[in-house]
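Biologist: I am new to this structure and would like a close look at a single part of it. Could you take me through that part slowly, in one connected account?

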Amino acid sequence: NASPDSTNKLTVKSDAVLVSHDDVTPGSGDARLVINKSASAQTASLVFQTAFSGKAEFGLTGSDNFAIKVADDSGVFRDAIVIDRQTGAVSLPNTP
């Protein structure tokens, strides 16, 4: 229902997508989606959009710490939750 382009080499247009464990080969019973980035300063994340405008994102966004971000109506993303990869400490950087 959609065509890939030079940026989005895999394009799926569907109401749902299923990733299931391999019970044929046989597999391990695990099901994992791996997103690999080239360096710490790069991003490996999932972005949630409305009308192709980013509203929320989670993953390794510009560092190796795990972050959940939200965007305002102008598209500016702000950290809501950050988990330090070294210590596991959770911070809420934009909480007064």
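**A hairpin and its surroundings**

Modeller: Strands S2 and S3 form a hairpin with 4 residues between them, and in the turn Gly 62 has a positive phi of about 80 degrees. Please keep in mind throughout that this is a predicted model.

S2 covers residues 53-61, and S3 covers residues 66-71. The two strands pair in the antiparallel sense over 5 bridges, and Leu 60 has Phe 66 in S3 as its bridge partner. Thr 61 also belongs to S2, and it counts as buried because its relative accessibility is 14%, under the 20% cut-off. Leaving aside residues up to four places away in sequence, Thr 61 touches Gln 42, Thr 43, Ser 45, Ala 67 and Lys 69.

Two of those contacts, Ala 67 and Lys 69, lie on the covered face of S3, which also includes Ala 71. The uncovered face of S3 is made up of Phe 66, Ile 68 and Val 70.

A pair of aromatic rings is described by the distance of the centres and the angle of the planes. A search of the whole structure finds 2 aromatic pairs. In one of them, the rings of Phe 48 and Phe 58 have centres 5.8 Å apart and planes at 25 degrees, so this pair is stacked, the limit for stacking being under 30 degrees. Because Phe 48 lies in strand S1 (residues 43-50) and Phe 58 in S2, the pair ties together parts that are 10 residues apart in sequence. Phe 58 also forms an aromatic pair with Phe 66, and this one is tilted, with 6.1 Å centre to centre and 50 degrees between the planes. As for accessibility, Phe 48 is partly exposed with a relative accessible area of 44%, Phe 58 counts as partly exposed at 31%, and Phe 66 is partly exposed at 32%.

How values were computed
Residues numbered from 1 in each chain as written. Predicted model: local features only at pLDDT ≥ 70, side-chain atom pairs only at ≥ 80, totals over all residues. Heavy atoms only, no water. Buried < 20%, exposed > 50% of the residue type's maximum accessible area, 1.4 Å probe, protein only. Contact = heavy atoms within 4.5 Å. Phe/Tyr/Trp six-rings, centres within 6.5 Å; stacked < 30°, edge-to-face > 60°. Pairing = 2+ DSSP bridges.
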